Amino acid sequence: MCELPQLHLLSVHMSKELHHGCPSNCEDIITWLPPALATKVISYLDPVSLCRAAQVCKVWRQLAEDQSLWRRFCCETKWRLSKAAEHKQVISHMSPEGSIQWKNVFAERFRLRNNWLKGRCTVRTFEGHLQGISCVQFDDSRIVSGSSDKTIKVWNMRTNAPWSVQTLMGHHGTVRCLHLEGNRLVSGSCDKTIKVWDLSTQESWSSIACKVTMTGHTDTVRCLQADDDKVISGSYDKTLKIWDLKSGKLRITLRGHQASVLCVHFSETKIVSGSADKTINVWNYEGHCVMTLRGHQDAVTCLMFDSTRIVSGSLDHNLKFWDIHTGKCLNTIDWKEAEGHTDVIRCLQADSWRVVSAADDKTIKVWNLATGERLVTLRNHTDGVTCLQFNDFIIVSGSYDKSVKLWDFSCC
């Protein structure tokens with residue numbers, strides 16, 4: 001029946017009797033519980049609460065810094081990075097004795113994810129092309145860009161000094177698409193050809209570094225993807241072609257689209273292409289179209305897929321998510337309702353939890369892959385953003401404004 005002040009007065013006066021026979025510091029249950037039980041209780045805390053608990057006292061700090069707790073957080077899907085990035089990160093936080101500082105590993109991932117969600121990043125600009133950028137690729141040390149000025153430039157990611165830029169010349173039209181893997185670069189152009197370049201050639205960075213030229217398309221090569229065995233390309237001539245990477249010989253031509261093929265992505269079992277005929281086709285490697293997806297109101301300009309879904313972008317300003325097995329449209333991100341792009345979507349890429357898209361409205365937008373929620377909008381280009389690629393730490397983008405930009409989320 002008492003109010004709080006009276007209860008407090010009673011507890012002060014009766015403290016000796018109330019705690020008769022109790023262990024010392026009995027108010028702190030964590031301190032006098034057996035270590036295994038205390039750790040079990042602590043393990044139910046989320047990362048932020050665990051950090052706050054570590055500030056209570058030395059005993060709590062010791063429990064809260066148990067590396068097994070932080071390793072468990074690092075293994076949760078939400079905090080995973082790509083395999084290569086995780087391996088590199090874990091090694092960087094390994095002590096001379098071989099133990100891994102999992103709390104530091106998690107802190108780095110926590111900060112990185114928050115930077116993505118809040119759009120915190122540093123932006124570096126690489127300038128040198130004489131006309132707009134049409135395609136970009138990057139690896140750990142360099143950025144490769146293709147342009148309407150018919151050249152390919154290889155930039156040193158660690159410095160944007162003019163002397164560190166290498167220029168590849170050989171195409172006779174706009175370089176429309178690139179695929180970089182190791183020292184192998186594959187490029188497609190408005191001159192209807194596909195070239196394979198060896199970037200390990202140090203003596204000359206001109207057309208002499210071109211190892212193979214593939215000819216067969218009768219119009220602009222608009223998109224391509226390559227692996228160690230083959231190149232698959234899409235063209236304004238309405239076809240896709242599968243080429244032997246080493247010899248440059250044509251293996252098979254895929255026909256089925258009624259207009260220009262604008263984007264392509266393949267896996268070990270299927271090929272998915274988007275076209276100006278507003279459709280997405282799913283193909284097998286025998287050359288048969290096994291499914292056609294309809295729903296976009298204009299040309300499909302970009303797409304990607306994983307084991308369960310296809311993500312596509314279009315001139316209709318919308319992003320769509322499709323079930324890869326049934327072809328059913330699962331979700332549409334309408335620019336009016338979702339604060340999406342207000343102009344043509346030129347490029348997109350997706351990973352396990354986010355989609356990054358670029359458009360003629362000069363912006364790059366990051367979306368939640370599962371829900372379609374817009375997470376952040378990035379602005380720095382002064383003209384339409386034509387292309388992008390990203391990994392866990394950075395985005396590299398190219399624009400009609402003739403610049404390549406590196407958005408770094410790891411150093412804020």
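Analyst: Helices, sheet and cysteines

The buried residues of α8 pack against α9. The model is a predicted one. Helix α8 runs over residues 83-92, and its buried residues are Ala-85, Glu-86, Gln-89 and Val-90. These residues cover an arc of only 125 degrees around the axis, so they sit on the same side of α8.

What does helix α9 pack on? Four strands make up an open sheet in the order β22-β23-β24-β25, and their pairing is antiparallel. Its edge strands, each pairing on one side only, are β22 (345-350) and β25 (374-379). From one strand to the next, the twist averages 20 degrees. Helix α9, residues 102-118, packs on this sheet and touches β23, β24 and β25. The direction of α9 makes about 75 degrees with that of β25. Within the sheet, β23 (residues 354-359) and β24 (residues 363-368) are joined by 5 bridges in the antiparallel sense. In this pair Arg-354 stands opposite Asn-368 in β24.

The other helix to examine is α4, residues 35-42, where Ala-38, Thr-39 and Ile-42 are buried. Seen down the axis of α4, these buried residues fall within an arc of 100 degrees, and therefore line one face of the helix. The cover over them includes α3 (29-32), α5 (47-53), α6 (58-64) and α7 (67-75). An unreviewed UniProt entry lists residues 27-73 as "domain: F-box". Over residues 27-73 the chain is 70% helix and 0% strand, with the end C-alpha atoms 29 Å apart.

Two of them can be described by their make-up. Residues 214-253 are 0% helix and 60% strand, and the end C-alpha atoms lie 13 Å apart. For residues 293-332 the values are 0% helix and 57% strand, with 14 Å between the end C-alpha atoms.

A strand elsewhere in the chain gives a local example of pairing. Strand β14 (residues 261-266) is mostly covered, with 6 of its 6 residues buried. Strands β14 and β15 (residues 271-275) pair in the antiparallel sense over 5 bridges, and 4 residues separate the two in a hairpin. Across the pair, Val-264 stands opposite Ser-273 in β15.

The cysteines remain. How many disulfides does the model contain? The count comes to 0 disulfides, taking a pair of sulfur atoms within 2.5 Å as the criterion. Cys-74 is in no disulfide, and the nearest cysteine sulfur, that of Cys-75, is 6.8 Å away. Cys-74 is also buried, at a relative accessible area of 2%. For Cys-263, the closest cysteine sulfur is in Cys-223, at 6.2 Å, which is too far for a bond. Cys-263 is buried too, and its relative accessible area is 6%.

Technical notes. Residues numbered from 1 in each chain as written. Predicted model: local features only at pLDDT ≥ 70, side-chain atom pairs only at ≥ 80, totals over all residues. Heavy atoms only, no water. Buried < 20%, exposed > 50% of the residue type's maximum accessible area, 1.4 Å probe, protein only. Arc of directions from axis to C-beta. Contact = heavy atoms within 4.5 Å. Pairing = 2+ DSSP bridges. Axes fitted to C-alpha atoms, helices over the stretch in contact; angles between N-to-C directions. UniProt positions renumbered as here; feature names shortened; annotations may be inferred.
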